Amino acid sequence: MEDTIMEKKDLDWGNIGFTYMPTDKRYVADYKDGEWGEGRLTADPTVVINECAGILQYCQEIFEGLKAYTTEDGSIVTFRPDLNAERMMDSAVRLEMPPFPKERFLEAVDAVVRENAAWVPPYGSGATLYLRPYMFATGPVIGVKPSMEYQFRLFATPVGPYFKGGAKPLTICVSDFDRAAPNGTGHVKAGLNYAMSLHASVTAHAAGYDENMFLDPGTRTFVEETGGANFLFVTGDGEVVTPKSDSILPSITRRSLVYVAEHYLGLKVTQRPVKLAELKDFAECGLCGTAAVISPVGKVVDHGREICFPSGMEEMGPVTKKLYDTLTGIQMGEIEAPEGWIRKIV
Ligand SMILES: *Cc1c(COP(=O)(O)O)cnc(C)c1O
């Protein structure tokens, strides 16, 4: 193979924000006649589907989100993409869609990252190449039933550093809306969960809050998540607590942080139902997700009652910071990763 020096795109990596920017190639595969066809890379960012496609009528869609980035030694890698592949297969089963095979998912990720290597931000910029795999019903349905045809796509878009000028703790409010129904779809990554959370999020933003805290849909007494990130709490004794519920989306970041807490930092971790009424007893609170890894939460407002965490409104709490530094260090190749966590692509 010819040895070429790749030209990076001329972007202001530190200031690109979190918006869609089309890149050179995306991956597409179609499901028809009971099987997934051969995938292909294309330069065309548009999708043309029938007016009666299942996605347009009954919202049959699932998605994933992960990042490719440059590590300290100059490699381009992804973080635990096998877990995104598996979670997407679980989501597909719940929405009566044909799972896209794990190996093919991983090959698609590798291919899209390789083709868009010039769009992967350099090490140290804080920016990453965000990858969005998704699948939707393309076949026509008018009677309510699963579609017979689907499309799997995966595109990449560069995104800027999540915390510009430091991680300022968030203020969140306890929402009067629910994001998931008991025994519903809260635990799967489906666009429909987001469509119905938009009103809650616009309402919270208009009232001056950064995010919503959703409660358990059955009793509204336990903490669930925000709609895009899982909660992680730290007790005064340095124990990490994460809420347990069947309607929480199993965040890969949260699962990774739990491992880091136990195996790298020697902390006790408990996953259990967390009552809204016990929030005042925690020392630190954070939100976990791919985009930010952990965003610190300084304050929760429950209908005028303020719950202020001792970590304050200026910086991350000490345990949250250690978790953040260790996981980002593992991702960037500065700290040795557990077996299988980093997939090297280039
Ligand atoms: C994607 C998502 C998360 C975060 O999951 P990660 O795998 O850590 O990115 C949390 N909650 C919801 C509802 C999500 O859709």
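**The second largest pocket and its surroundings**

Analyst: Helix 7 contributes the most to the lining of the second largest pocket, giving four residues. This helix spans residues 318-331, and it is joined by strand 5 (66-70) and strand 7 (128-137) as elements that each supply at least two residues of that lining. The model under discussion is a predicted one.

The pocket itself has a volume of about 430 Å³. Its lining comprises 27 residues, of which Gly 126, Thr 128, Tyr 324, Thr 328 and Met 332 are the closest to the centre. Sorted by class, the lining holds 16 nonpolar residues, nine polar residues and two charged residues.

The position of the pocket follows from the domain arrangement. The protein is divided into domain 1, covering 2-161, and domain 2, covering 170-331. Because both domain 1 and domain 2 give residues to the lining of the second largest pocket, the pocket lies between them. The C-alpha centres of the two domains are 26 Å apart. Contact between the domains involves 20 residues of domain 1 and 20 residues of domain 2.

Strand 7 is mostly covered, with nine of its ten residues buried. Its pairings involve strand 4, strand 5 and strand 8, and they can be taken in turn.

Strand 4, formed by residues 61-63, runs antiparallel to strand 7 and is joined to it by three bridges. Within this pairing, Phe 63 has Tyr 134 of strand 7 as its bridge partner.

Strand 5, itself a contributor to the pocket lining, is likewise connected to strand 7 through three bridges, and these two strands run antiparallel. Here Leu 129 in strand 7 stands opposite Ala 68.

Strand 8, made up of residues 150-159, pairs with strand 7 over ten bridges, again in the antiparallel sense. In this pairing, Arg 132 is placed opposite Phe 155 of strand 8.

Conventions. Residues numbered from 1 in each chain as written. Predicted model: local features only at pLDDT ≥ 70, side-chain atom pairs only at ≥ 80, totals over all residues. Heavy atoms only, no water. 1 Å grid on protein atoms, 1.4 Å probe; cavity = no way out; pocket = protein on both sides within 12 Å on 5 of 7 lines; lining within 4 Å. Points joined across faces, edges and corners; volume = space filled by probe spheres on them. Nonpolar A, V, L, I, M, F, W, Y, C, P; charged D, E, K, R; others polar. Domains from an automatic or database assignment. Buried < 20%, exposed > 50% of the residue type's maximum accessible area, 1.4 Å probe, protein only. Pairing = 2+ DSSP bridges. Contact = heavy atoms within 4.5 Å.
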